[in-house]
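Here's a friendly walk through a protein model for someone meeting it for the first time. Take a look at the picture, then read on.

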Amino acid sequence: MDEIQLKEIQEEEMINNAFQELLDSYLATKHRKKIEIITKAFNFAKQAHKGVKRRSGEPYIMHPIAVAKIVCTEIGLGSTSICSALLHDVVEDTDYTVEDISNIFGPKIAQIVDGLTKISGGIFGDRASAQAENFKKLLLTMSDDIRVILIKIADRLHNMRTLGSMLPNKQYKIAGETLYIYAPLANRLGLNKIKTELENLSFRYEHPEEYAQIEKKLAATQQERDALFKEFTDPIRKELDKMELEYDIKARIKSPYSIWSKMQNKHISFEEIYDILAVRIIFKPKELQQELNECFNIYVSISKIYKPHPDRLRDWVSHPKANGYQALHVTLMSNRGQWIEVQIRSKRMDDVAEQGFAAHWKYKEGGGSEDEGELEKWLHTIKEILDDPQPDAMDLLDTIKLNLFASEIFVFTPKGEIKTMPQNSTALDFAFSIHTFLGSHCIGAKVNHKLVPLSHRLQSGDQVEILTSKAQRIQPSWVNFVSTAKAKAKILAIIKKEQRIAQKEGEEILNTFFQKEDIEPNSANIEKLSRLHKMNTKEELFLALGQKMLVLGDDDRNILKEKGSNTNWKKHLFPFGSTIGSIIKQNKGKKESTAKEEEKKTEDNNIDRKKPIKLTEETIEKNYIIADCCKPIPGDDVLGYIDEKNRIIIHKRQCPVAVKLKSSHGNRILAANWDTQKTLFFPVNILVKGIDNIGVLNQITQVISQQLNVNIHKLSIEGNDGIFDGKIQLYVHDVNDVKTICNNLKKINEVKSVSRI
Ligand code: MN
């Protein structure tokens, strides 16, 4: 037997073992045992992908098997979904069609595979228009059959787990997309565990060093937490035993990604995060109807042992989160003087929390009536948003994302009906959530019987009455203070509609003017007018006329009637709509450095996108632009982005702008590494907080300028009731300089926290 044959036999064995494992885990579930069709789907996919390898060198079929296993064991779906997962890449990657699948496996599986094929190019294609279409498709297929998106999430999870074999620039695209849309989607669908894993995997690929550091610190503090956990839970166990409950107490450790985000968002160090450990009590209710009451009984009995925090009782039991999450969260003071969060849930609530109510999702098989659950309502909102035309894919995405992230508050209508709203909702959001008419004619609201403006932020428990007036019109500024997707989409749609009407009116006004003054209504004359009034397009001109922001008069007539107009040459030199005045103004506003940056164009075909670019002093000065939004310095995890002008912009990997670029223009992302020799200086901002004693300021400046010999560029310090807040701008070579400065500043007694912002 030769080597190739031997390898084939080994591969065959590996494939069959993986499939057997899938079958075993399926048989261990409560689903009906439809082994036959699953085996058929496996054999079909296996021969369809025969001979094809993944980047890792594995036979391709290992991927669909792994996705099917996630679908079965981690999401809890049945045979239809398992078959669809096994077949999910067949139509995309082989010659088989959806009809073939339908003929062999029936219309339902074919429909799901079709949905998965449509969105297989990732949500975001390479062109902006394709993005919009793909994203819409994803949402539409999702609202047709939620299983499509669940399998897609499983597919993405397996791709993330095996991301190591991809090229770095592809890794950033996939990791970015995962963090931007898949993790929030998983969260919205209640797939908590998968959401956490997706976030962590993205984080690990984007910031490998920081990930490793947090892991190391978690490991180093593990013993300490174990001791705290035991000490804290022993008395709780005794109390629960007295109640004769069947229960389990688990320690829940914050994930590296959420630790890191908290460090970033709150500018604190690992050591300052106090809620790394939380405690979870999972009990089996004696009777299912009693589980709600039992949650509260447990709360009452453990709050006899430890004092509860008055403001931190979260009742997700009586009011589940929109993703189905149910639990009672309390924060208790441990004997070590540390607040510890305790999550109380029944076994059923725990299942929902881990797997999402996807696991409990009943499919519309016989067309039976469905409970209009929160998920249904959310899908309904998405359909509504999709019905309003929105040309920009990223706008649409942002709008939908608003609804993915939000945690919720509960507010009441004047009749006492309860409504779930995303956090940060305003009175105007509330109005739109009830009815578009109410929103578009809203003039104010009464919250708890007090008059408030439209922009008033609602709090849980508020009772809200909306005040309307027929004369009210939607204002463009409203977009700035709504935070729900629905309100935002409605406002934009109405504004656009009104603008179209105004444009039409403006066009008519212009035509009447031309007629009256006996001027030829040709495009040259319209252009002349646009230029005169500094309008970029003729649509802008029409709009201004229609909205009566601009009234045509004698000047306009005179300019248009000017004989032998010598303004034609301008047209060839400058883009339509620019005047000399506006060009001079534009240039004045720009710093000299930007003129140089214009030259930093890179010939597209000179870039080897497969290789990380090297950031040296020389290349930074010559070829690359340091992004102004996040101002990365050597040592930061960065990436390159090729912009429309073919310049390469260097962003921090976690920069919000870069996150968006990774998702929308993933093919323009380059991996980048620093290789600097400490000759260039970069600006950084450092935030210092502490106790305001005499001489602190002096000590801070001493440390920076005397000890470390670093130039302070800007320094602002504010004292407030004995506490100070200082912002220092410095020029440094790299991240190590910043670390040294921070460490030295921390040695000053009065300084309580130092961080880079
Ligand atoms: Mn796949």
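## A strand with two partners

Start at β18, where Ile728 is the bridge partner of Leu715. β17 and β18 form a hairpin with two residues between them, and Asp721 in the turn has a positive phi of about 50°.

β18 (residues 723-732) also pairs with β16 (residues 682-691), again in the antiparallel sense, over 10 bridges. In that pairing, Val684 stands opposite Leu730 of β18.

## What you're looking at

This is a predicted model, so local features need pLDDT of at least 70 and side-chain atom pairs count only at pLDDT 80 or more, while totals for chains, interfaces and linings use all residues. Residues are numbered from 1 along each chain as its sequence is written, and side-chain values use heavy atoms, with hydrogens and water left out.

The protein chain has 31 helices and 19 strands. Of its 757 residues, 47% count as buried. Buried is under 20% relative accessible area, exposed is over 50%, and partly exposed is in between (1.4 Å probe, protein chains only). Take the contacts in the chain with a separation of 6 or more: 67% of them come from residues 24 or more positions apart. A contact means heavy atoms within 4.5 Å.

## The manganese ion

Which residues hold the protein donors of the manganese ion? They are His63 (NE2), His88 (NE2), Asp89 (OD) and Asp155 (OD), lying 2.2 to 2.6 Å from the ion. Along the chain, these donors follow the spacing H-x24-H-D-x65-D. Donors are N, O and S atoms within 2.8 Å of the metal (3.2 Å for Na, K and Ca); water is not among the atoms, so sites may look incomplete. Both His88 and Asp89 are buried.

Asp89 also turns up in the surroundings of His49, a residue in contact with Tyr60, Ile61, Pro64, Asp89, Val90, Asp93 and Thr94, leaving aside neighbours within four places in sequence. You'll find His49 in the loop between α2 (35-48) and α3 (62-74). His49 is buried, with a relative accessible area of 3%.

## A mostly covered strand

Is β5 (residues 339-346) mostly covered or mostly uncovered? Mostly covered: six of its eight residues are buried. β2 (residues 277-284) runs parallel to β5, with six bridges joining them, and Ile282 stands opposite Arg345 in β5.

β4 (residues 328-333) is also joined to β5 by six bridges, but these two run antiparallel. Here Val330 stands opposite Val342 of β5. The hairpin of β4 and β5 has five residues between the strands, and Gly337 takes a positive phi near 75°.

## A sheet of three strands

Next comes an open sheet with the order β9-β8-β10 and antiparallel pairing. Its edge strands are β9 (450-452) and β10 (464-468), each pairing on one side only. On average, neighbouring strands of this sheet are turned by 30° against each other, direction ignored. Angles run from 0 to 180 degrees between N-to-C directions, and axes are lines fitted to C-alpha atoms, for helices over the stretch in contact.

Three bridges join β8 (residues 442-447) to β9, and Lys446 has Leu451 as its bridge partner in β9. Helix α19 (residues 427-434) packs on the sheet, where it touches β8 and β10, and its direction makes about 85° with that of β10.

## Helices side by side

Helix α21 (residues 485-517) packs with α24 (residues 554-561) at an angle of about 65°, with their axes 12 Å apart. Phe513, Phe514 and Glu517 of α21 make the contact with Asp556, Arg557, Leu560 and Lys561 of α24.

In α23 (residues 538-546), the buried residues are Leu541, Phe542, Leu543, Ala544, Leu545 and Gly546. These buried residues pack against α21 and α22 (523-532). After α23 comes Lys548, with a positive phi near 60°.

Notes
Helices (H or I, at least four residues) and strands (E, at least two) are DSSP runs, numbered from the N terminus. Two strands pair if DSSP finds at least two bridges between them.
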